[in-house]
Amino acid sequence: MSDAIVVESLGKRFRRYHAHRPRTLKAAVLHGLRRMAPVDEFWALRDVSLRVPQGRTVGVFGRNGAGQSPVLRLIAGVGRPAVGAVEVRGRRGAFLDLAAGFRPDLSGRENVFVGGVIAGLTRHEVAERLDSIVAFAELEEFIDSPLRTYSTGMRMRLAFGVAVHPDPEVLLIDEVLAVGDLAFRSKCFDRIQQFRADGCTILLVSHDVGRIQRLCDEVLWLHEGQLVQYGNPETVVGQYTTRMRTETRRRTLAAQPIQEVSTDTKLRAGDTRFGSLELEIVDVGLLGEDGVPVVQIASGDSLHIEIVFSA
């Protein structure tokens, strides 16, 4: 099976500027050019590599600001990477931004033509699929009204209707699906399942790790712009969930005043312990090289950790 998406050592760098950077030529002349230069730079993505076989569905997740949207945009061809390369084999369909290509003063019908042409369809092909797009978006009564009169949910429905009608071979979907109501979100994910059945390669960004685990064949976990893990959804999502719970617990404990811990404190699932309890650690011992328990060791000495568990 050939790869539909190939990403090699991908990196994206952005520059930060002074808060009072001159916005006009006059301001630059009056205040000098010193504030025009970047203050510093940061990497939104760094050294991300992956291969997505044709027909697979891959979920991308992580904490806010981890780099999910930049990697999706670079694969979609929106912007250029600072380093690395992206190769996409097949016709792309992208649903990245509700406002992309839409004009508020044009009617919904006119915006369908604009969005369809941007998505790679000819005007004739858009005309042939217009009724299907409008029906999918459930906007028959409002399709000739100006887009500025649409709610955010209506715009999202129209945008998604346009995005899924060019019959893409590679479909890229950002978190924008979270905007719609429950019924339409279910409809969108039903359409995604149909694309999967038809052999379309899908890259899906979402913070709903449960839905990602159910929908995707593989998942990509990003943290601070770097790849943490790429592989089986159950394994990767489980490790991500455990890490997030541990970090949350640590922050909670750090914010609390130090208290004397009673020796008879009991472990409680979800409070002082995490996991499924299928295997339980009951004791941990620190042993020296001779197997005798120790409470301190010198630099360079061996330390053996003995774990007693019940399964």
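## Helix α6 and the sheet

In this predicted model, helix α6 (residues 182-197) lies across the strands β3 (57-61), β6 and β7. Relative to β7, helix α6 runs at about 145 degrees.

The sheet itself is open and is formed by 6 strands. Their order is β5-β6-β7-β3-β8-β9, and the pairing is mixed. From one strand to the next, the twist averages 15 degrees. Strands of a sheet pair through backbone hydrogen bonds, in either a parallel or an antiparallel sense. Strand β6 (residues 170-173) and strand β7 (residues 201-205) pair in the parallel sense, over 4 bridges. Within this pairing, Leu 171 stands opposite Ile 202 in β7.

## Nonpolar cores

In soluble globular proteins, nonpolar side chains tend to be buried together. Here the largest nonpolar core has 44 residues. Those that touch the most other members are Phe 61, Phe 95, Val 112, Tyr 150, Leu 158 and Ile 202. Ile 202 is also the residue in β7 that stands opposite Leu 171. Helix α5 (residues 152-163) gives the most to this core, with 7 residues.

A second core of 24 residues is separate, and includes Val 60, Ala 76, Val 170 and Val 205. Returning to the largest core, Tyr 150 is one of the residues with the most contacts to other members. Leaving aside residues up to four places away in sequence, Tyr 150 touches Gly 108, Leu 139, Phe 142, Ile 143, Ser 145, Arg 155 and Leu 158.

## Aromatic rings and charges

The count of aromatic pairs comes to 4. In one of them, the ring centres of Trp 221 and Tyr 240 are 5.4 Å apart and the planes are at 85 degrees, so the pair is edge-to-face; the cut-off for that class is over 60 degrees. Trp 221 belongs to strand β8 (residues 218-223) and Tyr 240 to helix α8 (residues 233-255), so the pair ties together parts that are 19 residues apart in sequence. Both Trp 221 and Tyr 240 are buried. Ring pairs also bring in Phe 61, which forms a cluster with Trp 221 and Tyr 240.

Charged ends sit over rings at two places described here. The charged end of Lys 187 is over the ring of Phe 136, 4.8 Å from the ring centre. That of Lys 12 is over the ring of Phe 14, at 5.5 Å from the centre.

## Positive phi and a loop residue

Most residues other than glycine have a negative phi. Asp 47 has a positive value, near 55 degrees, and lies in strand β2. Is Asp 47 buried or exposed? With a relative accessibility of 52%, Asp 47 counts as exposed, because the cut-off for that class is over 50%.

Glu 138 also has a positive phi, near 60 degrees. Glu 138 lies in the loop between α4 (123-137) and α5 and is partly exposed, with a relative accessible area of 42%.

Ala 37 is found in another loop, between α1 (25-31) and β2 (40-53). Its relative accessible area is 41%, which makes Ala 37 partly exposed. Ala 37 and Arg 15 are 22 residues apart along the chain, and their C-alpha atoms are separated by 9.5 Å.

Terms used:
Residues are numbered from 1 along each chain as its sequence is written. This is a predicted model: local features need pLDDT of at least 70, side-chain atom pairs count only at pLDDT 80 or more; totals for chains, interfaces and linings use all residues. Side-chain values use heavy atoms; hydrogens and water are left out. Rings of Phe, Tyr and Trp (its six-membered ring) pair if their centres lie within 6.5 Å; planes under 30 degrees apart count as stacked, over 60 as edge-to-face and the rest as tilted. Helices (H or I, at least four residues) and strands (E, at least two) are DSSP runs, numbered from the N terminus. Buried means under 20% relative accessible area, exposed over 50%, partly exposed in between (1.4 Å probe, protein chains only). A charge sits over a ring if NZ of Lys or CZ of Arg is within 6 Å of the ring centre and within 35 degrees of the ring normal. A nonpolar core is a set of buried Ala, Val, Leu, Ile, Met, Phe, Trp, Tyr and Cys residues joined through side-chain atoms within 4.5 Å. Contact means heavy atoms within 4.5 Å. Two strands pair if DSSP finds at least two bridges between them. Axes are lines fitted to C-alpha atoms, for helices over the stretch in contact, and angles run from 0 to 180 degrees between N-to-C directions.
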